[in-house]
Amino acid sequence: MKRYRDHKTDQLSDALCRRQKELSENLSEKELFSFADFDASEAERGGYSNYSYWRATLRAFFKNKIAVFFLLLMIVTLIFTFIQPYLPNQRDPITINYGENGRTLSNLAPGDQGYIFGTNNIGQDIWARIWAGTRTSLFIGFTVACVEAVVGIFMGVLWGYVRKLDFFFTELYNVCDNIPQTLLLILISYILNPGVDTIIFALCLTGWLGMARFIRNQIIIIRDRDYNLASRCLGTSTFRIVFKNLLPYLVSVITMRMALAIPSAIGNEVFVTYIGIGLPLDTPSLGNLIDAGRELMTIPFLRYQLYFPVAVLAVITVSFYIIGNAFADAADPKNHVN
């Protein structure tokens, strides 16, 4: 049976060879070989992809309904925080309000005489002070987060990519990291005049170290991958490698770190004010409001003066945490497999 199959295979092969020889004898060389038509527009259309990294990132982010809810909540809070002074019938957060009899309207309950959140012990409108304090705390948080991001990313890239600087930055990190941030905040607050600028300077002085360390570790992981080695072999400049090959890969982790830096800075401002060395009393902030409310916790009908600023602080902190983590997951390049 096997010998029969082999015989049939040989016959088929011989027939194909004869047919090919007959065709080659009957056709000219020009007919046998001809160039295929080339259409540049068709070639470009065949290689086109409508994939967009940021479009895919936003699509993945908006699939997270919890993150979208907190994003909308955060947007509404931010917008209202900054337009609140321009709304009608709004009071100044610092002005002490008096009644018709000339006495201060101190410790009014929420809703009394048109005061939405009531008044404090010296007759200031708590509603106005909460939104003014939120503006101050958000300004501190955003400023500190931006400074930490810029300085931390720059130092982290140098630390991780330039091997000659590794020893210097490592020793600098070890020295600065061993200084407790709380102690540093206390010392700077005592040395300099209390104010927003002092708080921002104190928080930024060593706040960039964590970002720089984190970026350095990520750079070390990806700096010697094949595509980066190929770029260096082709003579690509270090600047282009950093901004085209390295930093785009770290968008997700940088976003998450920045999102967490904002509530962290606000929390530090609240802590410094809580221990009595933060912003002056004439500068409304969430820290001042919480510190003032803390002193009234033993009086049940005045506890609302603590609950309102704590609720605003909780909304801001939780919102930034959830939004940052959700956006980091959506922007992670490992989740963008096309």
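Me: Does α10 pass α11 in a left-handed or a right-handed crossing?
Reply: Helices here are DSSP runs of H or I with at least four residues, strands are E runs of at least two, and both are numbered from the N terminus. A crossing is left-handed if the near helix is turned anticlockwise from the far one by less than a right angle, and right-handed if clockwise. For α10 passing α11, the crossing is right-handed.

Me: OK, and which atoms do the side-chain values use?
Reply: First, this is a predicted model, so local features need pLDDT of at least 70 and side-chain atom pairs count only at pLDDT 80 or more, while totals for chains, interfaces and linings use all residues.

Me: How do α10 and α11 run relative to each other?
Reply: Axes are lines fitted to C-alpha atoms, for helices over the stretch in contact, with angles from 0 to 180 degrees between N-to-C directions. Those of α10 (226–233) and α11 (238–246) come within 11 Å and cross at roughly 155 degrees. Angles under 35 degrees count as roughly parallel, over 145 as roughly antiparallel, 65 to 115 as roughly perpendicular and the rest as oblique. So α10 and α11 are roughly antiparallel.

Me: Which residues of α11 make the contact with α10?
Reply: Contact means heavy atoms within 4.5 Å. From α10 come Tyr227, Asn228, Ser231 and Arg232. From α11 come Ile241, Asn245 and Leu246.

Me: Is Phe61 buried or exposed?
Reply: Phe61 sits in helix α4 (residues 53–62). Leaving aside neighbours within four places in sequence, Phe61 touches residues including Ala67, Leu71, Ile323 and Phe327. Buried means under 20% relative accessible area, exposed over 50%, partly exposed in between (1.4 Å probe, protein chains only). Phe61 has 4%, so it is buried.

Me: How far apart in space are Phe61 and Ile323?
Reply: In sequence, Phe61 and Ile323 are 262 residues apart. In space, C-alpha to C-alpha, the gap is 9.0 Å.

Me: What is the relative accessible area of Asn89?
Reply: Asn89 is in the loop between α5 (65–83) and α6 (126–161). Its phi is near 60 degrees, a positive value in a residue other than glycine. Asn89 counts as exposed because its relative accessible area is 75%.

Me: And what is the relative accessibility of Gln113?
Reply: Gln113 is also found in the loop between α5 and α6, with a positive phi near 55 degrees. Gln113 counts as exposed because its relative accessibility is 56%.

Note on methods. Residues numbered from 1 in each chain as written. Heavy atoms only, no water.
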